[in-house]
Amino acid sequence: MADRAWRGGRAAACALALAWWAAGAMASDTAPVHRPGEAAQGLAAAGELASAAGRCCGEYGRASAASAASASAAQTFVLANGLTVIVQPDRRAPTAVQMLWVRVGSMDETDAEAGVAHVLEHMMFKGTPSVPEGEYSRRIAALGGRDNAFTSRDVTAYHVQLPAAQLRQAMALEADRFAHNAWSAETLARELDVIREERRQRIEDEPSAQLFEQFQATAWLVHPYRRPVIGWMSSLQGMQAHTVRDFRQRWYVPGNAALVVVGDVDVQQVRQWAEATFGALPARVVPPRTPLVEPEQRGMRRVEWRSRVPQPTLLMGWPVPRLDAPDADTPEARDALALLLLAGVLDGHAAARLGRALVQGQDGARLADSVSVSYGLAGRGPQQFMLAATVRPGVSVPQVEQALRAQIERIARDGVSDAELRRVRNQWAASEVFQRDSLFAQARELGMHWALGWPLDANERLLQRLAAITPADVQRVAVRYFGDDTLTVAVMRPQEEAR
């Protein structure tokens, strides 16, 4: 559940949401930036999770039981060199998903290295002394599989789906490139051309992604989340081979990685294969991390961006608590869970409050063509509660901003009903059932739990915690976290619009 940040907004808001995802900033995330030419596969996987989170059906107790049964089937062990292995049998089809997770993302870069985590993800496909450039993907395809990877603010992950009988070969290929990735400066120069073009297509030619990039750079003063995952164009133009190699040498160590396998597999057989492949790699020290603490925001921040758009877009965000652990019993943890339910009440389904009020115009005029809410709940860094809207023609941006805030103020004043919270909880419970249909979704969830340091049954624990959140809790966070002094606002206006 933790890797599925609450992102409401249905088809009407998809363009903005996908632009944020492509920018690598939705993160939860864990927001992937995929290799050029394969973005569709990655967005399909992202959509798979988003659609599961949006289904509103099922019954809480049944979903909890299914989640618990799945979690109990997963087993974890640590190799002598520190690499974690997580195996979850799922025998409904003779296939398997293998994901190698590395607990490193753009938040682990320095300003001078901006974008290097994603660049390294690309370069991991450029060969080893025994596997020439391009051969990795060809061999995976010859085994009947498909491969891809993604980089987010918090993690980097490499994934393969293939017939379960071919898993041993895929594991050997993955261990080889993890330990022996090698390429020339000329190869890097060619790939940087590809990545710069990727940035042009996904951010510089995509107004919504530009807006989100400007928003993050304004909302965070110190924390690395202020940088885009793909990096700034200037950093990509000046990146050197030694920067990429040093980053890999520093962070791609067994103790900073986890191998997740889900599918038609035997746990002990997978363990033997992991020992024979990844277990042969030498142990190395995981470097210490020095977290940068964002200073307290003490005043509203605003940024305007002009682009080739037909109508304005509004983005608003506040820093809010994150959930550090599913069993955390602190005021901040309870507030984080209450914020998750607040996001669902505002934009968790077709009849949610923001859509009814601003898009359908239930309380008056229609003010927005689309609205959405995003709240990440958990991550390695601080989290935000965000509202977004596409302003209808003839409506002013201040009108929409005031209307969005009025909906939160209404909850702060009048609270929410038990029925509203029950509907949101049922959605989350149902999503736990439906995502069992996807091996990739299961592997992604287990990998994110590892990256956060959470137990394998974190989802079951979270569902139990959500059941204890009351309307009073939701009302309390609506009062506490949405003032002027911590608000950041970004507005994208049409270029021809008068100032």
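In helix α6, Leu 167, Arg 168, Met 171, Ala 172 and Ala 175 are in contact (heavy atoms within 4.5 Å) with Val 270, Trp 273, Ala 274, Ala 276 and Thr 277 of helix α11. By class, this contact comprises eight nonpolar residues, one polar and one charged; Ala, Val, Leu, Ile, Met, Phe, Trp, Tyr, Cys and Pro count as nonpolar, Asp, Glu, Lys and Arg as charged, and the others, Gly among them, as polar. The model is predicted, with local features requiring pLDDT of at least 70 and side-chain atom pairs pLDDT 80 or more, while totals for chains, interfaces and linings use all residues. Residues are numbered from 1 along each chain as its sequence is written, and side-chain values use heavy atoms, with hydrogens and water left out.

Two packed helices are described by the angle between their axes and the distance between the axes. The axes of α6 (residues 167-180) and α11 (residues 267-277) come within 9 Å and cross at roughly 30 degrees. Axes are lines fitted to C-alpha atoms, for helices over the stretch in contact, and angles run from 0 to 180 degrees between N-to-C directions. Helices (H or I, at least four residues) and strands (E, at least two) are DSSP runs, numbered from the N terminus. The two helices α6 and α11 are therefore roughly parallel, where angles under 35 degrees count as roughly parallel, over 145 as roughly antiparallel, 65 to 115 as roughly perpendicular and the rest as oblique.

Gln 98 lies in strand β4 (residues 95-102). This residue is buried, at 0% relative accessible area; buried means under 20%, exposed over 50% and partly exposed in between, with a 1.4 Å probe and protein chains only. The side chain of Gln 98 reaches the backbone nitrogen of Met 171 at 3.4 Å. Beyond neighbours within four places in sequence, the contacts of Gln 98 include Leu 167, Ala 170, Met 171 and Glu 174, as well as Tyr 158 and Leu 259.

Leu 342, Val 345 and Leu 346 of α12 meet Gln 407, Ile 408 and Ile 411 of α14. The residues of this contact divide into five nonpolar, one polar and no charged.

Glu 191 is located in helix α7 (residues 185-204) and counts as buried at 10% relative accessibility. Excluding residues up to four places away in sequence, Glu 191 touches His 122, Met 123 and Lys 126. Glu 191 and Lys 126 are 65 residues apart along the chain, and their C-alpha atoms are separated by 9.3 Å.

Technical notes: Polar contact = N/O pair within 3.5 Å; in protein donor to acceptor, adjacent residues only side chain to side chain.
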